[in-house]
Every structure is written in structure tokens, then in C-alpha cells.
Amino acid sequence: MRGVLWDVTFEQFAVARLPSLLRYAVVLTGDRDLAQDVVQEVLARAQVKWRRISDADSPEAYVRRMVLNEYLSWRRSWAVRNVHAVGERLVDIDDARGGVRDPAQGVVDADALWNRLATLGRKQRAVLVLRYYEQMEDSAIADLLNCSPATVRSHASRALKTLRLSPEFAPRVHAKEAS
Amino acid sequence: MNHNEDRLREAFESHEHLAPDSAAVYARVQELSKAYVWRRRGAQAAGGIVLGAGLIAGVANLPAILPAGPADNSGAMVAPAAAPAVPSVEPSPSRPAKPPIERSPEPYPNQKQYDAYFNAGYDYDDALKLAKKWKMSTADDNIGDVKVRAGQWLIDGKKLPVRPSNDPDDVDIVTPKEEQQVNAFFEAGYDYDDAVKLAKMWKKPTPYEAKIAGGKKILAGETLPIRP
């Protein structure tokens, strides 16, 4: 009897999961073009060896891991990607908004934070994405990144500090109210 | 709930909508997959690389997983019928540990031209630019003609009016040799997890270095210490 996963063709997988993969890649890379390149490269490779991937316990987890690894080891055209014309990068798009397009303060804050995320190193950003977007435990992140949970915590701590999100930089509204 | 967690999640989720169009990406994946197959064949012919059995099966499977023609898709991705188009490449029901070696499909027409085109660093986006320059159709079923024509130009030693997207002269680009080595690594059936293991074994600083070292050995006809 053939297993259910064995029957999932690459095309069926792509139809069902590509939008989610692209959202993940955009959040991971912070760059629409790079996200597209990374997902394209990964899926092209995945298609060629789909039989093997579809045999995995979770083909989607396998492919998401490929996306993460591709992003972390991306070298080709990296310099080129960083020489964008003004307005091409998501950061520029957000800068152009100037935080005033949407009156909602939450959106303004989210945009500002998104811009600051672009200043992080790839591994630091990946840790934050895996922790807060993918909602993974540090141990699982450590497994993905092939490092220790302590290293994951260190990456996260540094990233939060850079983003001015660590406790000492966070807004202290409640402290004022309490005093 | 943690304030930082909320803020970060909101920042991430509020920018999900910037993801590229799925249908366009999928079309590009199809192009890249073909390029992988052709590069693989080129490497096989040049270096006498023995391709992994699973890989050959994957290549043989390509026609079954290629999307239907534009008329069927209308630009959107459509789930395929349950049965593959090519029954002969159906996987074995018994889920063998190693997929059986299957016959290679018929050679692609104009393979030389395609090889010349992709090996020169050109890709799908370049074909679109060339089509505009040459006033050719950019429809999906015609873009192959553009590549064939461009490939023939390259074979004839002519310069194309568009620079390749993957220009080997770019500063931070992977060298063609490195790319060949990394390709050889994947072509032999190895993947990232294998690279991680090899990096530990060989004390390489990154899995990427292991891919290069592994690919180098494969191209030299050596066997790697682990199976793919």
C-alpha cells in the first residue's frame, strides 16, 4: 500500500504550500527579490529530487529548512542584490512611506521595526523569525542552525539589543504608572 | 504575552503581503529545474559523473510534474490530476529504499542551444529581455524559442544584446568552478544534511565548504565517506 505522502506530487505540494513558503521567505530575508530567488532555487532543486523529499516525514518542513539554509548560505549575487536602485528594496519602500501613510500607530511601529530588522545579520534575523514568526523553541532552532540552544539565545539577545527591544530598552509604561 | 514577541510578530506578519506572486515564481521554478537537468547532463558528459539512481529517477519524472499548457492554466496554478501524465515513471508501490534506475527520457530538442544559454549565466528573466529586444513573443510557450535562438548566437560566437543575470564577472559571485563543484555535490544525490555531516568529519568551517570539497572529490572520481 502506498503512503499518502508518497502520492503528493511536486506540483501539488507547490500549489498548496508555495504562498506560505514565499511569505516565510520574505519575512526571513526582508527582501522581496532575494526571497523569490531563494525559493526558486530551493524549489527547483526540490523538484529534481522530489521523490526523496516526499519520502520525508514532513516534506514541507524539509523544504522550509532548505529555504533557511539557502538564505543563510546565499552567496551568488549577494553583492548585486545589495546594490538596489532606490525604491527596490522593501526597506526603501517602507522608508518612502515615512511611517505616515497609515495613521494606525501599530502599523507605524511595525514598519519601523521591520526597517530595523534589515540591519541585523542573517543568522540573528533568522533566529528572530524562527522564534517569533515560526514560533519554534530554541532547542528546535538550535537543531536547524546546527548550533547549541545557548548560541541561539545569544543571537536572539544581541538581535533584540540591536533592535532596542531588550528589556532595558523596552518602553516602561507600566513602571511609570506604578510610581 | 511578551511585549517584544508581540511587536516582532506584528512586524513580520504585517509584511507577509510583500511576498512575490506564486504563479510567477512557480513558472520560474520550472525553468530552473530544466536548467538543473541540462547542467547535470552536461556535467555527466564532461566529467563522467555517475549520477545517483534517485536523481535519474527524478529527472525521468520531470515530464510528469511539469504543469499543463497555458491554455489549461490560464496563468494560475492548478492542481494536477491525481494520475501522472507518464505512467511509466510512476514510483514503485513498494517504496524501495533506493529508487530503481529508470530509462532517461528522450534527449531534449535543441539541448546544445539550451546548454550554451544557461551555462553562459542567462536565465528566464534574461530570455524575457531578449524577447523584447528581438520583438519575439514572451508567452511561456514561446520563451523557449528565445533561449534556443540566444543559445545558437552564443554557439556562433555572437554577443547577446543583454548581459547575463548570473554574470561570472560579478564581484561576489560563486566562481564557475565552485558552482560546478557544488552542483556535482547535489547531482550525486547529496544534500545539506550530508554537507553538515561532512563538514564535521572534514573539520570544515561551514557546510558550504564541505559541499565544495565534496563536489571536488566527486568530480575527481573519488568516493565520499558517507552515502547520499
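This is a predicted model: local features need pLDDT of at least 70, side-chain atom pairs count only at pLDDT 80 or more; totals for chains, interfaces and linings use all residues.

**Charged side chains and the helices that carry them**

Modeller: Happy to. Of the 228 residues in chain B, 45% count as buried. Chain B exposes about 11900 Å², and carbon and sulfur atoms supply 54% of that area. Among the contacts in chain B with a separation of 6 or more, 66% are between residues 24 or more positions apart.

B:Trp153 is found in helix α7 (residues 143-155) of chain B, and its C-alpha atom is separated by 8.5 Å from that of B:Gln113, 40 residues apart along the chain. If we leave aside the neighbours within four places in sequence, B:Trp153 is in contact with B:Trp134, B:Lys158, B:Lys159, B:Leu160 and B:Pro161. The relative accessibility of B:Trp153 is 21%, so this residue counts as partly exposed. B:Gly144 lies in helix α7 of chain B as well. The C-alpha atoms of B:Gly144 and B:Glu31 are 113 residues apart along the chain and separated by 9.5 Å. B:Gly144 is buried, because its relative accessible area is 15% and the cut-off for buried is under 20%.

Now for chain A. Its secondary structure comes to 11 helices and 0 strands, and along the sequence the pattern reads α-α-α-α-α-α-α-α-α-α-α. Chain A has 179 residues, and 50% of them count as buried. The accessible surface of chain A is about 8300 Å², with 52% belonging to carbon and sulfur atoms. Residues 24 or more positions apart make up 67% of the chain A contacts with a separation of 6 or more.

With that background, on to the charges themselves. Side chains of opposite charge can pair when their charged atoms come close. Over all chains, a search of the whole structure finds 11 salt bridges. One of them crosses between chains, running from A:Arg52 in helix α3 (residues 50-54) of chain A to B:Asp191 in the loop between α8 (176-187) and α9 (192-202) of chain B. In this pair, the closest N and O atoms of A:Arg52 and B:Asp191 are 3.4 Å apart. The two partners can be described separately: A:Arg52 is partly exposed, because its relative accessible area is 37%, whereas B:Asp191 is buried, with a relative accessible area of 4%.

Within chain B, B:Glu5 forms a salt bridge with B:Arg9, the closest N and O atoms being 2.6 Å apart. B:Glu5 has a relative accessibility of 23% and so counts as partly exposed. B:Arg9, at 14% relative accessibility, counts as buried.

Another pair in chain B brings together the side chains of B:Glu222 and B:Lys217, with a salt bridge of 3.6 Å from N to O. B:Glu222 is partly exposed at 44% relative accessibility, and B:Lys217 is partly exposed at 28%.

Chain A also has something beyond a simple pair: A:Arg17, A:Glu60, A:Arg64 and A:Glu134 are linked in a network of salt bridges.

Finally, there is a place where like charges gather. A:Asp109, B:Asp6, B:Glu10 and B:Glu13 form a patch of negative charge on the surface. Helix α1 (residues 3-13) of chain B gives the most to this negative patch, with 3 residues. B:Glu13 is found in helix α1 of chain B, and this residue counts as partly exposed because its relative accessibility is 40%.

Technical notes: Residues are numbered from 1 along each chain as its sequence is written. Chains are lettered from A and ligands numbered from 1 in the order in which they are written. Side-chain values use heavy atoms; hydrogens and water are left out. Helices (H or I, at least four residues) and strands (E, at least two) are DSSP runs, numbered from the N terminus. Buried means under 20% relative accessible area, exposed over 50%, partly exposed in between (1.4 Å probe, protein chains only). Contact means heavy atoms within 4.5 Å. Accessible areas come from the Shrake-Rupley method with a 1.4 Å probe; for residues, only the protein chains shown count as cover. Patches are made of residues with over 30% relative accessible area and no salt bridge: like charges are joined within 9 Å, nonpolar side chains (Val, Leu, Ile, Met, Phe, Trp, Tyr) within 5 Å. A salt bridge is a side-chain nitrogen of Lys or Arg within 4 Å of a carboxyl oxygen of Asp or Glu. Lys and Arg count as positive and Asp and Glu as negative; His and the chain ends are not counted. The place of a charge is taken as NZ of Lys, CZ of Arg, CG of Asp or CD of Glu.
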